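Subject: Structure for you to look at

Hello,

Here is the structure you will be working with. Please open it beside this message and follow along as you read.

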Amino acid sequence: MRKMKAAVIGAGFMGKTHVEALRRLGTVEVASVAGISPEEAQSFAAAQGIPVAAPDYKAILADPEIVGVHICTPNATHAPIAIEAMKAGKHVLCEKPLAMSAAEAQQMVELAAKKKLVNATNHNLRYYPMVQQIRRMVEAGELGEILTVQGTYSQDWLLYDTDFNWRIQKKANGPLRVMGDIGSHWMDTIQHVTGLAITELCADLAIIHKTRKQPKVAIETFAGKTLQPEDYNEVKIDTEDFGMCLLHMGKSCRGAFTVSQVAAGCKNRFEFMVCGSKCSVAWNQENPNQIWVGNRNEPNKLLLKDPSMLAPKAAGYADYPGGHAEGYPDAHKQLFKRFWARVADPSLPIEYPTFADGLRGMQLLEAVIQSNKKRAWVKCAPAKGKK
Ligand SMILES: NC(=O)c1ccc[n+]([C@@H]2O[C@H](COP(=O)([O-])OP(=O)(O)OC[C@H]3O[C@@H](n4cnc5c(N)ncnc54)[C@H](O)[C@@H]3O)[C@@H](O)[C@H]2O)c1
C-alpha cells in the first residue's frame with residue numbers, strides 16, 4: 001500500500017514529537033518539513049531523516065503530493081497557515097491553542113466544513129488509555145452523579161526570570177499564556193471525560209515575574225539553558241505565569257483548577273480528580289498508567305493500565321499489554337492514528353478533537369480573559385454534544 005504523504009510545519013519541540021508519532025503509524029510518510037528559515041528546515045530534516053527540507057511552508061502547500069499538514073508553529077501562526085493550507089486542499093492537524101481568538105477559530109471551522117477537509121486540534125491529553133478509561137467509567141455511571149472536579153496543570157520551566165520562550169510575549173503566543181498553553185488542555189480534558197460543558201467560570205491570573213531576561217538568540221522550548229548577562233535584554237512581561245479558575249459544569253457540578261509555569265518540581269503535572277456520588281477517580285500525567293479510585297466505605301484502589309481489564313471502548317487506546325508503560329509519545333500516536341485513518345477513509349467516525357473543539361477552547365479562554373478583567377463570573381458559550 002502506498003503511504004499517505006504528510007508534511008510537518010515547525011521544527012521545534014512539537015515538530016519532532018509529531019514526526020516521531022507519525023512514523024509509528026505505518027500508513028504515513030513524513031515527506032517534508034518547513035521551519036522559520038530554510039537553514040532550520042535543513043538541519044531538522046538532516047537530523048530526522050526527512051527527504052525534503054522545504055524553504056518555507058508555502059512550498060509545502062504548493063506540493064500536490066502532500067495530503068495533510070501538521071502545524072507545530074507558535075500560536076499566532078496557526079490560523080494563517082491552516083487557512084492557507086485548507087485553501088490549498090490539505091487536511092490539517094493543528095497544535096493547540098487553535099488560534100489567537102474565537103473569531104479566527106470560527107473561520108477555520110467554517111473553511112474546513114466548506115472544503116470538506118479532515119481537521120483536528122491536538123488535544124493529546126484525551127488519548128492516554130487511562131483517561132479514556134475514566135471517560136468510560138463516567139459514561140457507565142460507575143462514579144454516580146458527578147459532584148465536583150478539581151485539579152491542576154503545573155510546570156516549572158519558566159520559574160526563573162532568566163527562563164524565556166516565544167510564549168512569554170502576547171505577539172507570538174496570544175493574550176493568555178499559561179491558561180492558553182496548558183489551561184486549554186485541562187478544560188478540554190475535563191469536559192471530554194465528564195461529558196459536561198463548562199457553563200460559567202471565574203478566573204484570576206497573575207504575572208509573577210513583571211520583567212524577564214530575554215535572550216538575544218531564540219531558545220528551543222524546555223532547553224533549560226543558563227544565560228549570562230551579556231546574552232539578554234530585560235523586558236516587561238504581559239502574559240500570566242499563574243492562573244486559577246472556578247467552574248460551573250453541566251446542571252450542578254462545581255469545580256476548580258490552577259495552572260502554573262512557576263511551580264518548582266512540577267515538570268508536566270496535569271492532574272485531575274472527578275468526584276462522584278459513588279466514588280472519586282484521579283489521574284496524573286506524570287504517572288499516566290494508573291488511576292486512583294477513592295471509596296468512602298471500602299479500601300481505595302489503583303487501576304493499572306492493562307487493556308485486558310479496561311472498558312472495551314478504552315482498551316483500543318492502549319497498544320501494549322499490562323506492565324508495558326505508555327505515555328506522552330503514545331498519546332500523540334493514538335490521536336494521529338484516528339486523524340489519518342479518516343483522511344484515508346472519510347466514512348469513518350470522528351474520534352479526534354476537531355477544529356470545533358479548538359473553537360470551544362478559544363471561547364472558554366476568552367471567557368477567562370473577560371472574567372479576570374471584570375473580576376467576576378462569566379457565562380460561557382454553549383457546547384455542542386455536552387450536557
Ligand atoms: N499538544 C502538546 O502536548 C503541546 C506541547 C507543547 C507545545 N504545543 C504547541 O505546539 C506549538 C509549537 O510549540 P513548541 O513547543 O514546539 O515550540 P518551539 O519553539 O519548540 O517550536 C516552534 C517551531 O516553529 C518554527 N516556526 C516559527 N514560525 C514559523 C513559520 N512561520 N513557519 C515555519 N516554522 C515556523 C520555529 O522556528 C520552531 O522551529 C505551540 O502552538 C504550542 O502551544 C503543544
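How many residues surround the ligand, and which are the closest? The shell has 25 residues, and the closest are Gly10, Gly12, Met14, Ile36 and Glu95. Please keep in mind that this is a predicted model.

By class, the shell around the ligand holds 10 nonpolar, 10 polar and five charged residues. Helix H1 (residues 13-23) gives the largest share of the shell, three residues. Both domains take part: at least three residues of the shell come from each of domain 1 (4-124) and domain 2 (126-321 + 360-379).

Now the domains themselves. The domain assignment gives domain 1 as 4-124 and domain 2 as 126-321 + 360-379. Their centres, taken over C-alpha atoms, are 25 Å apart. Where they touch, 15 residues of domain 1 are in contact with 19 residues of domain 2. The domain 1 side of this contact is made up of nine nonpolar, five polar and one charged residues.

The largest nonpolar core counts 104 residues, and Ala6, Ile9, Val33, Ile134 and Val274 have the most contacts inside it. Helix H11 (residues 355-374) supplies the largest share of this core, eight residues. Why does the core lie between domain 1 and domain 2? Because both domains give residues to it.

Apart from neighbours within four places in sequence, isoleucine 134 is in contact with Val193, Val274, Val281, Trp283 and Ile291. Ile134 is also one of the buried residues of H6, and others among them are Pro129, Met130, Gln132 and Arg135. Helix H6 (residues 129-139) is largely enclosed by the rest of the structure, because nine of its 11 residues are buried. After H6 comes glycine 141, with a positive phi near 80 degrees.

Last, a sheet. Nine strands form an open sheet with mixed pairing, in the order E16-E15-E14-E13-E7-E12-E11-E8-E17. Strand E16 (301-304) and strand E17 (378-379) are at the edges with a single partner strand each, so one side of each has no neighbour in the sheet. What joins strand E8 (residues 198-206) to E17, and do they run parallel or antiparallel? Two bridges join them, and the two strands run antiparallel. In this pair, glutamate 200 stands opposite lysine 379 of E17.

Regards

How values were computed. Residues numbered from 1 in each chain as written. Predicted model: local features only at pLDDT ≥ 70, side-chain atom pairs only at ≥ 80, totals over all residues. Domains from an automatic or database assignment. Contact = placed C-beta atoms within 7 Å. Nonpolar A, V, L, I, M, F, W, Y, C, P; charged D, E, K, R; others polar. Near = placed C-beta within 6 Å. Helix = DSSP H or I, 4+ residues; strand = E, 2+ residues; numbered from the N terminus. Buried ≥ 20, exposed ≤ 12 C-beta atoms within 10 Å, placed from the backbone. Core = buried A, V, L, I, M, F, W, Y, C linked by C-beta atoms within 7 Å. Pairing = 2+ DSSP bridges.
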